[in-house]
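Q: Please show me the structure. I would like to learn how to read its features.

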Amino acid sequence: MENRYARQTLFKPIGQMGQKEIQEGTALIIGCGALGSTISETLVRAGIGKIILADRDYVEPSNLQRQQLFTEQDAVAGTPKVVAAKKRLLEIRQDAQIEAILDHVDGPLIEELIHNVDVIVDATDNFETRLLINDIAWKKNIPWIYGACVGSSSMVYPFIPGETACFRCLLPVLPAVNETCDTAGIIAPAVQITAAHQSAEALKWLSGNRHAMRKKMLTYDSWENTFVEAGLARLKNESCETCGTNPTYPSLKRNNETNFAVLCGRDTVQVIPEKGRLISLVETEEMARKLQYSYKKTPYFIEVQLATYRCVLFKNGRLLIHGLKDIQEGRKIYQHFFG
């Protein structure tokens, strides 16, 4: 494997010194779906030292059309995405350091994950998590690479603390309601193009080529063959809660009450229990047996059919109620079955 990175080091902007920096670098990738799986594979093949991969979900059949690290076997087994991704990435490169985090990323968790990270890569699908990434990036002075794709379109931009406006500054000009892959669909080329641009920006930063970072937000449509580049410098807001003169980083603060949320673009309510309350897999299995509900166990979660809803409970107490997009109904189901 001596010549593993030979073609990459022949590229003059990287060379031997840039390759050494890549191999000493660490990337935190939030999300392990289409973008996260593609970007993580690209960075592992490029020789990155360590990847921290965080995602809350598991592989489903509808993922296989565009999420390249996963197989039919992963979908049938309902393997958590970070687990399946880590297995495949280590098959690609045995000496890669892959830390897999199966959890919903919130303020306290991202504060734990950020230590010794050189760059954060956004592979999420919602504003809330991006605002969280944005806050930790500015608080810790670490760049993050924004990426979004839906239908045939892609958007990419590197947010760099101290140099660019931040994501929160953009909110007044971003749409209040975004289309998602679950509402508008997506084609795999849009994923590949977005991930390629994000990976390029990450490699620029990791290899010491920071002057080459993209200066404008790119919007590209691979079906219509159109693209737009837009400067964001004028959007910087001095009163911004993240990058302004008196930052408070509001997204990093955690609500200690039980949290109910509809997952972006999906008929699923997520329940995160209040601190100190953990519903165990054993207790849930006993409840399912007692009430004669059908259930399935894996090493990572238990899936129970509650009435017309498919409920998935993870080890840390996080619950997904599939087939539902009403928070009040989700609250009622949660309290009815789990007290």
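Q: Which residues does Gly323 touch, not counting residues up to four places away in sequence?
A: Contact means heavy atoms within 4.5 Å. By that test, Gly323 touches Asp267 and Tyr309. This is a predicted model: local features need pLDDT of at least 70, side-chain atom pairs count only at pLDDT 80 or more, and totals for chains, interfaces and linings use all residues. Residues are numbered from 1 along each chain as its sequence is written, and side-chain values use heavy atoms, with hydrogens and water left out.

Q: Where does Gly323 lie?
A: Helices (H or I, at least four residues) and strands (E, at least two) are DSSP runs, numbered from the N terminus. Gly323 sits in the loop that links β14 (319-322) to α12 (327-338). In total, the chain has 12 helices and 14 strands.

Q: Is Gly323 buried or exposed?
A: Buried means under 20% relative accessible area, exposed over 50%, partly exposed in between (1.4 Å probe, protein chains only). Gly323 has 53% relative accessibility, so it counts as exposed. Across the chain, 53% of the 339 residues count as buried.

Q: How far apart are Gly323 and Met17 in space?
A: They are 52 Å apart, C-alpha to C-alpha. In sequence, 306 residues separate Gly323 and Met17. For scale, the C-alpha trace spans about 65 × 50 × 40 Å along its principal axes.

Q: What share of contacts joins residues at least 24 apart?
A: Take contacts in the chain between residues at least 6 apart in sequence. Of these, 63% join residues at least 24 apart.
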